[in-house]
Amino acid sequence: MPTPLPKPAYVDLHIHSTASDGSFSPVEIIEIAKKAGLRAIAITDHDTLEGSVEALRHRHSSDVEILPGIEISVTFDSGTMHMLGYLVDLDDASLRQSLKAVQKARADRNLQIVEKLRDLGVDMDYDDVSEVSGGGQIGRPHIAQVLVQKKVVQSINEAFNKLLRKGCPAYVERYRLLPVEAIQTILGAGGVPVLAHPFTLNTKTEGDLDRVLADLKQAGLRGLEAYYPSHGPQRTASYERLAYRHGLLLTGGTDFHGTAKPGIHIGIGRGDLRVPYRLVETLKRCAASGRHFNTIPKTSA
Ligand code: AMP
Ligand code: FE
Ligand code: FE
Ligand code: ZN
């Protein structure tokens, strides 16, 4: 009898908890990840380390490995740019200081959005939003949830498309870090900066994204999130090519938000995503050495 091959190990490096706009607590997420058979996860809450702090506090509750993570929203004119930071020192003073400023700006913006909605005739106040947020950091998805509850709109998506998205009547701009600031802050905290879901940049061609990546690489970017539920084989292949060209490592995750993002399951996204553990090993080598590492794509994960 031949020796059976070891079971492949999979990971999910992009997960949101109740510390931002996900619907499950970090402890619940560890449990869900364990049931899904994942070997490692990273909780990457928007502009806060609290999801990772809480998950790491419970790292011995199962054999699921927990990597410290965060997802920072940064400025980008023509689309949405999010910077993932992996293996950061959760106590780094400069990272915490930067996040404090961002969190204050977010809280002020949230109040202004509610004000705008009231001006538009919506009968709501800030307590309604605090209530649905579950005690974590408040974001537009929570405001959207209140709008659905109050039957102002039929769905979260409609809330964004009619009221909360850039260009809509209740949209309010807020202070964000520049991409280079987020990258340098993550590096300064011993972490690995990775560009999240590159398709949200809304670049038109591979050449356009290539130019953005050249600038980000110059600023210190180390990786690209190539494996993501809505990327599809063509985009994934394009991101693998670009990562290879720029000497960026590859990461992947589902952007699981629990019930706040229906249809996306931990570890597998819409069912077909698989992110291999070897990408975590590359991340660790990158963080440990501070050098760039290229993950040569073998297969589309
Ligand atoms: P905020 O960080 O408060 O500005 O809110 C932005 C977050 O809202 C994003 O990171 C997503 O998690 C979520 N989001 C954006 N657009 C939508 C949408 N159409 N439906 C559901 N959630 C969305
Ligand atoms: Fe989110
Ligand atoms: Fe994101
Ligand atoms: Zn995310």
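Modeller: Contact means heavy atoms within 4.5 Å. Histidine 246 touches Asp210, Leu213, Ala214 and Lys217, leaving out residues up to four places away in sequence. This is a predicted model: local features need pLDDT of at least 70, side-chain atom pairs count only at pLDDT 80 or more, and totals for chains, interfaces and linings use all residues. Residues are numbered from 1 along each chain as its sequence is written, chains are lettered from A and ligands numbered from 1 in the order written, and side-chain values use heavy atoms, without hydrogens and water.

Biologist: Is histidine 246 buried or exposed?

Modeller: Buried means under 20% relative accessible area, exposed over 50%, partly exposed in between (1.4 Å probe, protein chains only). Histidine 246 has 13%, so it counts as buried.

Biologist: Which residues coordinate the zinc ion (ligand 4)?

Modeller: Donors are N, O and S atoms within 2.8 Å of the metal (3.2 Å for Na, K and Ca); water is not among the atoms, so sites may look incomplete. Here they are His14 (NE2), His16 (NE2), Glu71 (OE) and Asp255 (OD), at 2.0 to 2.3 Å. Their sequence spacing is H-x1-H-x54-E-x183-D. Histidine 14 is buried, at 0% relative accessible area. Histidine 16 is buried, at 0%.

Biologist: What metal lies 4.9 Å from the zinc ion (ligand 4)?

Modeller: The iron ion (ligand 2).
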